[in-house]
4 protein chains.
Amino acid sequence: MIQWNSIVSSVFEEVKLTVSTGQVADYIPQLSGIDPEKYGLCLTPISGDQICAGDADEKFSVQSISKIYAVALAIALKGEDIWKRVGVEPSGNPFNSLVQLEYEKGIPRNPLINAGALVISDILLTYLKDPKQVFLNFVTALCGGDKIQINPAVAESEKLSGFKNASMAFFLKSFNNLDNEVQDVLDFYFFQCAIEMSCRELSQSFQLFAKGGIAPDGKRILTVSQTKRLNALMQTCGFYDESGDFAYRVGLPGKSGVGGGIVAVHPGQYSIAVWSPPLNKKGNSVKGMQTLELLTTRSGMSIF
Amino acid sequence: MIQWNSIVSSVFEEVKLTVSTGQVADYIPQLSGIDPEKYGLCLTPISGDQICAGDADEKFSVQSISKIYAVALAIALKGEDIWKRVGVEPSGNPFNSLVQLEYEKGIPRNPLINAGALVISDILLTYLKDPKQVFLNFVTALCGGDKIQINPAVAESEKLSGFKNASMAFFLKSFNNLDNEVQDVLDFYFFQCAIEMSCRELSQSFQLFAKGGIAPDGKRILTVSQTKRLNALMQTCGFYDESGDFAYRVGLPGKSGVGGGIVAVHPGQYSIAVWSPPLNKKGNSVKGMQTLELLTTRSGMSIF
Amino acid sequence: MIQWNSIVSSVFEEVKLTVSTGQVADYIPQLSGIDPEKYGLCLTPISGDQICAGDADEKFSVQSISKIYAVALAIALKGEDIWKRVGVEPSGNPFNSLVQLEYEKGIPRNPLINAGALVISDILLTYLKDPKQVFLNFVTALCGGDKIQINPAVAESEKLSGFKNASMAFFLKSFNNLDNEVQDVLDFYFFQCAIEMSCRELSQSFQLFAKGGIAPDGKRILTVSQTKRLNALMQTCGFYDESGDFAYRVGLPGKSGVGGGIVAVHPGQYSIAVWSPPLNKKGNSVKGMQTLELLTTRSGMSIF
Amino acid sequence: MIQWNSIVSSVFEEVKLTVSTGQVADYIPQLSGIDPEKYGLCLTPISGDQICAGDADEKFSVQSISKIYAVALAIALKGEDIWKRVGVEPSGNPFNSLVQLEYEKGIPRNPLINAGALVISDILLTYLKDPKQVFLNFVTALCGGDKIQINPAVAESEKLSGFKNASMAFFLKSFNNLDNEVQDVLDFYFFQCAIEMSCRELSQSFQLFAKGGIAPDGKRILTVSQTKRLNALMQTCGFYDESGDFAYRVGLPGKSGVGGGIVAVHPGQYSIAVWSPPLNKKGNSVKGMQTLELLTTRSGMSIF
């Protein structure tokens with residue numbers, strides 16, 4: 001029996017004391033203004049209570065972590081059809097590169113890079129009447145608690161500075177891999193990135209992946225096989241150009257965002273979220289990576 | 001308690017009956033002449049007896065699977081130093097591409113692509129007095145049985161047709177990432193690819209990765225952390241440009257070779273090897289992938 | 001003394017009889033509807049009368065040929081400053097590739113590929129109060145005759161289908177190499193592509209490059225050095241991914257457009273325009289290339 | 001009538017006084033030891049005497065300039081067949097890049113980049129009994145004087161350090177675009193690079209391209225059309241990744257080498273060679289470029 005309480009608190013105390021390296025994301029004012037000393041952690045075993053520490057209840061911008069909810073929703077609604085328009089292989093290139101997309105004729109390598117997430121957004125836009133509301137309801141249901149909201153200022157700022165995403169969206173459109181208007185796809189994509197959640201909520205929501213596709217209310221959202229597939233995807237593609245290093249140091253499927261959040265899962269065991277805004281050069285939270293590396297090493301609880 | 005006996009035999013019988021698609025590797029005569037109907041399977045639980053089926057005791061050319069033994073040996077001898085000369089990220093490109101290598105200035109993305117394996121060979125050549133003998137002894141020790149040998153005709157054929165590997169080796173040399181003579185590095189690399197093993201032996205040898213770094217004789221070869229790292233590497237990079245798909249369909253760290261072999265591991269649970277020569281377009285055994293997909297689905301025993 | 005009359009008419013008759021190969025551009029209805037049998041030719045010696053044949057007075061969509069007028073206008077207005085934002089090297093890639101642009105951080109290789117022309121449009125937009133009118137006046141002045149107009153339906157169609165250009169423009173914007181709004185740059189760029197001219201007018205306008213920068217009214221538009229530079233640019237970059245082949249077969253600086261026009265110049269000797277809508281796979285007029293190859297071979301009048 | 005004497009001497013005196021920037025090639029000792037102050041110049045009008053200045057009679061390593069002699073010899077012997085195995089388009093990439101070669105399946109973009117020159121060497125090796133002797137005789141005949149020789153120490157040094165060329169040769173071999181043994185192709189290629197010539201000889205030899213394919217002894221070596229084609233090739237591809245800039249600043253077809261030599265031609269007018277060892281970052285002689293730019297500007301004698 002793992003003594004999660006003592007492991008979580010010892011890891012938290014140790015990492016908290018380390019000097020912050022890394023840089024807070026600064027491409028929009030809503031992110032650059034965040035206090036770099038914020039640090040929160042929340043572990044949710046598949047049975048038993050959540051164990052939280054630090055700023056675990058403070059909401060922050062989840063950014064790319066939202067890609068997981070979008071692809072899970074798309075699979076739940078459309079099934080395996082989505083894989084005709086987006087792949088499952090790691091990208092092996094910085095996350096917003098257009099080169100590979102050109103080489104592979106407009107089929108993004110996977111749904112966790114920006115190009116792939118735009119395709120997923122397009123799929124949801126086509127399929128749903130009120131996609132924004134359905135998306136918020138979906139994430140809220142996974143958290144099993146208060147309503148999840150977006151920060152409209154973040155969505156607006158992203159739109160104003162998102163030239164690379166706009167370029168990518170038009171590029172996908174030129175390959176006929178977007179059905180909707182580019183502006184509508186971008187609008188919905190930036191909406192998703194702007195949701196705000198706490199470590200407690202993120203950790204709770206990833207019970208979906210720890211429990212084989214079952215939501216907090218006991219309802220099946222994904223099949224066992226679909227859940228396994230998303231876990232595999234997070235393992236190989238969840239950390240931009242650092243997925244291999246994350247697998248190697250931490251050994252858990254997961255997803256990071258430039259807001260400084262990382263959420264990960266040990267299928268059948270636990271889910272965990274950590275938040276610390278300063279990022280390394282690859283765009284992943286420095287203390288987030290440290291925390292998860294220490295925690296899996298001390299507990300011996302990784303998938304490898 | 002998993003009923004491995006019945007699962008293995010039911011999967012074996014089912015896959016055996018499927019029509020062979022795929023193409024046997026034909027770039028050297030020693031591979032193109034193999035009977036495409038050969039099919040063997042061997043599962044080794046961490047405790048209990050091996051469960052084998054079909055041609056599990058017939059030796060075949062392991063080819064790229066040997067890259068795992070080479071990198072394990074390099075880590076066992078040199079530790080984390082090797083990561084200065086080779087990375088741990090998936091390559092996102094066909095396995096013998098030079099493009100990425102040029103872009104990243106001669107540091108191969110990981111030790112499981114050809115370029116990375118050449119660097120590992122160079123490291124072993126520099127460090128060892130009799131690298132070929134040490135390599136054979138190392139693999140033999142992992143199998144805990146009869147002496148592992150190479151097929152010299154295979155090594156010779158590879159050398160005669162290996163223009164792309166020669167090109168890559170000279171390219172690495174031009175970036176100062178090979179210390180030894182190119183011809184010596186290639187000679188040792190082709191030697192490794194030419195070892196012959198049975199499914200039983202492959203499966204046995206991967207107990208190293210199932211048991212946290214302990215050899216059959218109880219000796220520790222790799223630390224727990226190093227073992228975890230190699231498992232993570234196999235997970236993200238073990239299947240050429242199909243690693244994501246393998247993770248997604250099978251969910252086990254592993255390595256394939258163009259001889260038609262695949263060996264995989266569920267850390268803490270079991271190791272498994274399968275052999276069927278016909279390959280899909282990405283270079284992985286068609287029936288090998290089918291076998292492992294069915295087996296992990298029926299047993300529910302994957303890491304995701 | 002070259003007998004231009006007899007050479008022009010013999011080349012015209014010979015090429016006219018050849019069976020049309022190639023495909024008329026079909027990405028917008030205004031181009032796909034053109035009669036593929038149209039064929040016109042007009043040669044303008046630096047002294048003496050124009051020699052025309054066939055449909056030399058029929059206006060057609062000049063498309064990318066307009067890039068020459070834009071860059072000439074930009075140099076005339078801003079001088080060598082423009083070379084800080086766009087290069088002078090051949091691109092070595094299909095004309096709308098984003099790869100090189102990414103590799104070279106948003107500085108297009110030259111002003112005759114689409115990315116470079118977007119930067120030139122941006123420069124003109126910033127500098128001019130009424131850029132569209134100034135552009136039309138500039139081209140009109142070079143032709144020394146009736147007012148040059150655009151086809152608004154062409155400009156509109158381009159805008160509706162121009163996803164790749166939009167992608168490129170946002171990409172340039174992401175590298176801070178566009179000062180104006182992307183939509184404004186695209187609007188002006190598509191406007192330029194939509195001007196309609198006859199072979200007679202095109203041939204006349206290129207006297208600028210034959211006469212060292214002097215306009216029909218005797219006014220100096222470009223310095224001798226600037227003219228030499230634009231001629232060099234057309235030589236190395238004027239024919240998409242076929243510039244080398246054009247230099248090799250024809251041996252004149254020039255520029256082609258997907259409307260089927262080609263205009264070329266022998267500095268100090270003559271300018272020439274030819275029009276035939278069917279294009280080869282590289283996007284250049286099949287009969288246009290034939291015509292110029294024959295004409296330079298028979299007259300011995302090329303720069304090489 | 002151009003006053004070449006006064007132009008040549010005024011340009012020579014002016015450039016001689018400028019401070020040397022640039023770096024002498026240092027990848028082999030035979031080049032790095034050259035006195036950076038060496039500076040020679042020789043102009044050969046198609047009729048009249050050679051006009052030389054400075055170190056015009058001192059021999060130096062012509063390096064890549066030899067590629068022109070090789071392709072001229074290949075065309076003279078084999079005609080247009082050679083264009084099945086090598087292209088005529090500019091490369092748009094640094095001169096020893098493997099990327100484009102991979103993308104274009106082993107067909108080098110043109111014979112003036114290293115990959116293309118290796119293919120030309122292979123063609124000559126297959127066709128000639130004593131290729132080295134024939135090559136030396138061919139260059140000697142073009143110079144119309146003393147026997148041209150190689151520096152064997154240079155050839156040997158190139159071979160020892162030429163890992164990138166070896167890589168490229170094996171890569172071409174892997175695409176079946178070399179018929180001979182890689183080592184033999186490399187040996188002949190390095191032999192060609194090691195010939196030594198003076199500015200006077202280089203300038204004389206390029207009369208071939210000024211006079212439409214006629215050798216000094218009045219014999220036709222190339223047809224008028226073949227000569228035109230090689231001139232076009234030099235124009236678009238002769239200066240590595242700086243061909244556009246050279247066309248733009250100088251406006252003559254030509255070829256440079258890392259020994260610091262540049263040789264150029266104005267078809268029907270004159271040929272010219274210049275030598276100064278320090279190179280700019282693109283690998284072209286700094287003073288060589290200055291010299292030719294000044295000379296064509298002052299004389300008004302460029303092709304544009």
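Start by selecting A:C42: across from A:C52, a residue of β2(A), is where A:C42 stands. This is a predicted model, in which local features need pLDDT of at least 70, side-chain atom pairs count only at pLDDT 80 or more, and totals for chains, interfaces and linings use all residues. Residues are numbered from 1 along each chain as its sequence is written, while chains are lettered from A and ligands numbered from 1 in the order in which they are written.

Now widen the selection to β1 (residues 40-45) and β2 (residues 51-54) of chain A, an antiparallel pair joined by 4 bridges (strands are DSSP runs of E, at least two residues, and helices runs of H or I, at least four, numbered from the N terminus; strands pair if DSSP finds at least two bridges between them). The two strands make a hairpin with 5 residues between them. Click on A:G48 in that turn to find a positive phi of about 110 degrees.

For the complex, the predictor gives an ipTM of 0.90 and a pTM of 0.91.

Next, show chains C and D together. Here 29 residues of chain D are in contact with 29 residues of chain C (contact: C-beta atoms, placed from the backbone, within 7 Å). On chain D's side, α12 (224-237) and α13 (243-249) are the elements giving two or more residues, and α12(D) gives the most, with 8.

Terms used. Two residues are in contact if their C-beta atoms, placed from the backbone, lie within 7 Å.
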